[in-house]
Each structure stands twice: as C-alpha cells, then as structure tokens.
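Student: Could you take a close look at the aromatic rings in this structure with me? I'd like to know what pairs up and where it sits in the chain.

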Amino acid sequence: NSFLVPKINISTKILNSQRIAIHIADNGLGMTEEVRAKIFNPFFTTKPVGQGTGLGLSICHQIVVEMHSGLLECFSEVGKRSRFVMTLPYGANSLSTK
C-alpha cells in the first residue's frame with residue numbers, strides 16, 4: 001500500500017454545556033516529536049526556504065487560545081496520522097469581550 005489517497009476527517013463533539021471539541025485528523029505519515037513540539041511557534045516551517053512563512057498554525061493557535069479562550073492541541077507520531085483537537089467555549093457564556 002505505497003500510495004494513500006490523502007484524506008482529512010473532521011468531527012465535532014459537545015463536551016458539556018460549556019465546551020465543544022472539533023477534531024481534525026489526516027491519514028498521513030505523522031510527524032516527529034521534535035517537529036510536533038514546534039508547530040505552533042511563529043516562523044517555524046518544514047518547507048524549503050521561500051516556500052512557507054511558518055505563520056499559519058501560530059495564527060490559528062493565537063485565535064483559538066487568546067481570542068476565544070480555547071485550547072488547540074496536536075497529537076501525532078511518525079508513521080501514524082496527525083490529529084488536531086480544538087476545544088472552544090460553547091453556549092451563552094462563550095461570548096468574548098476581548
């Protein structure tokens with residue numbers, strides 16, 4: 001099975017009356033712990049010089065965590081898929097004044 005058709009699965013779950021979770025998973029080859037530990041750092045990229053700014057996940061993290069009081073996590077292992085879990089406030093108390 002040397003060729004995988006790239007896929008992304010997205011699912012949502014209500015955790016309780018105040019929080020929801022959004023799971024985004026691929027069927028790729030995963031990433032090393034060294035890379036995973038840096039993915040939310042500004043300007044970190046695994047792309048060749050000139051092909052990426054390394055700001056995408058940093059900005060996502062900032063929006064989810066700082067602007068919406070949420071949590072953004074990544075779970076990955078080499079040879080296995082990567083999965084991102086975004087946990088956000090839900091319901092009437094989720095409106096932010098930031």
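Tutor: Let's start with the chain and then zoom in on the rings. Keep in mind that this is a predicted model, where local features need pLDDT of at least 70, side-chain atom pairs count only at pLDDT 80 or more, and totals for chains, interfaces and linings use all residues. Residues are numbered from 1 along each chain as its sequence is written, and side-chain values use heavy atoms, with hydrogens and water left out.

The chain has two helices and four strands, in the order β-β-α-α-β-β from the N terminus on. Here helices (H or I, at least four residues) and strands (E, at least two) are DSSP runs, numbered from the N terminus.

Now for the rings. A pair of aromatic rings is described by the distance of the centres and the angle of the planes. Searching the whole structure turns up one aromatic pair. The ring centres of F40 and F84 are 6.4 Å apart and their planes stand at 80°, so the pair is edge-to-face. For the cut-offs, rings of Phe, Tyr and Trp (its six-membered ring) pair if their centres lie within 6.5 Å; planes under 30 degrees apart count as stacked, over 60 as edge-to-face and the rest as tilted.

And where do the two partners sit? F40 is in the loop between α1 (33–36) and α2 (56–67), while F84 belongs to strand β4 (residues 82–89), so the pair ties together parts that are 44 residues apart in sequence. As for the chain as a whole, residues 24 or more positions apart account for 49% of its contacts (heavy atoms within 4.5 Å) with a separation of 6 or more.
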